[in-house]
Amino acid sequence: MRLKLWWHRARAGSGSLQLQLLTGTLSLVAAIWVVLSVVAWREAVSEGDELFDAHLAQTAALLAVLSSDGSDEIPEELPSHRYARKVAFQIWTDKGKLLARSTTAPKDALTDHAKGFSDRRIDGRSWRVYSLRDTRHGHLILVAETLEARHAIGTELAKHLITPLVVALPLLALGLVLLMRHRFQPLRRLAMFIGQRSPERLEPIGLGDVPGELRPIIEQTNRLLQRVDASIEQERRFTADAAHEIRTPLAAIRTHAQVAIAATDDAERSHALALVVQASDRATHLLGQLLTMARLDSVSLARGFVLCDLRRIAIDVIAELTPQALAKNVECILDEGSALWVKGDPTLLAVLLRNLIDNAIRYSPTATVVFVSLRQEAKYVRLTVTDQGPGIPAEERERVLSRFTRLAGSTAPGSGLGLSIALRIAELHHAALVLADGPAQYGLSVSLSMPSSPAPFSNRA
């Protein structure tokens, strides 16, 4: 019953490894066995023909002796054997007179060959004949055997070779089924163990008694579980931090709106409404950053990039942020130079530059300069954004690249996502983002190094 259940389960899935192994092994064994049997049968038939030919020659020699010793009679029947009726002999004088023959031999000469082996067909029967000339007495001795006897022996031999296969193949199949049921038991236990797990259980799977062939699969699965666990934990932190960050501007909007409602004069109401707009702008900026970060988390590292001019992107971003810089009396300067080509996503690269330059403007004091530099360095394009703000202590630079991280005591508005978004975009472009001190150890310098690409043909000199 268990074997029948196993067979139905194996057949249920067309991709069953057990069924494939069983059918593949049996097919291979059967094919090899048949080939070897055919080869062995042909070799045996060939050896048998030589043996039978030798037997005919020996019989002819024996008859020659009997016919030359003066015996009055020569036995007409060979020793009793199941193939005795298939063998015949004739003794002819040199004058063509039949001196003696076996009862199985025809009256006509078995062959007209005077020496050696020959084949002859007489009365619908094929014979293998050996001719021996007794020169002393002038006798021609012919010994023959029907080819059907030899074929019968070959058929018997083939049956003996194939019969074990017919008997052994089902036994082999049964043995393989039992062996596979036993050896696949760890795999079934592993499948049940994984199937019974809850979605929250992402700890590594124990190797235990798992066969060595499955260990690489389980090890890779464990690494995948670790990445999934880390991703889920990151999403949880992101959700919690996002909820915390969005609560602040929403609370400010509610507070200022309540003040506007309760205001008794137009000036107070206008001021409260202006604060509502300012808080709404902050919430809008934060939501935009959150959406950008969420989109970046789902971007594949293998996405298709296009050839783009990083200097043109920088010019467009600076033009977009110029009103913000002018409102704070901060000047944005881009050094002069030719186009610098890289492979990437122009939209994402624009977001990266916007975040770097926007951060520099936010943290720059009034009447200072934000300097943007682009230059070719060997096989890389280096973009540097330098401000004259308070900078970031060396021990804090790695931490500020994390999400929702802001320096203590910072008064500039922001969500703490700008640098983390820039870092994620840099990773997607196989680029390096480095924070360092500005010139003369003053301010902050953020450098982006990414592989350069040849210019399009139409842009080459």
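User: What should I know about the source before we start?
Analyst: This is a predicted model, where local features need pLDDT of at least 70 and side-chain atom pairs count only at pLDDT 80 or more, while totals for chains, interfaces and linings use all residues. Residues are numbered from 1 along each chain as its sequence is written, and side-chain values use heavy atoms, with hydrogens and water left out.

User: OK, how many helices and strands does the protein have?
Analyst: The protein has nine helices and 12 strands. Those are DSSP runs numbered from the N terminus: H or I with at least four residues for helices, E with at least two for strands.

User: And what share of the residues is buried?
Analyst: 37% of the 461 residues. Buried means under 20% relative accessible area, exposed over 50%, and partly exposed in between, with a 1.4 Å probe and protein chains only. The accessible surface is about 27,500 Å², and 59% of that belongs to carbon and sulfur atoms. Those areas come from the Shrake-Rupley method with a 1.4 Å probe; for residues, only the protein chains shown count as cover.

User: Let's do H7. Where is the kink?
Analyst: At leucine 321, shortly before proline 323, and the angle is about 45°. The bend is the angle between axes fitted to the seven residues ending at a residue and the seven starting there.

User: So what does that do to the end-to-end span?
Analyst: H7 covers residues 310-327, and its 18 residues reach 26 Å from first C-alpha to last, close to the 26 Å expected. The expected span is 1.5 Å times one less than the number of residues.

User: Which H7 residues are buried?
Analyst: Leu310, Arg311, Ile313, Ala314, Val317, Ile318, Leu321 and Ala325. As background, an α-helix has 3.6 residues a turn, so residues three or four places apart point the same way.

User: How does H8 look?
Analyst: H8 (residues 346-363) has 14 of its 18 residues buried. At its start, a side-chain oxygen of aspartate 345 comes to within 2.9 Å of the backbone nitrogen of threonine 347.

User: Switching topic: how many aromatic pairs in the whole structure?
Analyst: One. Phenylalanine 117 and tyrosine 130 form a tilted pair, 4.7 Å centre to centre with 50° between the planes. Phenylalanine 117 is in strand S3 and tyrosine 130 in strand S4, 13 residues apart. Ring centres of Phe, Tyr and Trp (its six-membered ring) must lie within 6.5 Å; planes under 30 degrees apart are stacked, over 60 edge-to-face, the rest tilted.

User: Is tyrosine 130 buried or exposed?
Analyst: Buried, because its relative accessible area is 17%. Phenylalanine 117 is at 34%, so it counts as partly exposed.

User: Last one, what does the side chain of serine 447 make a polar contact with?
Analyst: The side chain of threonine 384, at 3.4 Å. A polar contact is a pair of N or O atoms within 3.5 Å; within protein, one must be able to donate a hydrogen and the other to accept it, and residues adjacent in sequence count only if both atoms are side-chain atoms. Serine 447 is in strand S12 and counts as buried because its relative accessibility is 12%.
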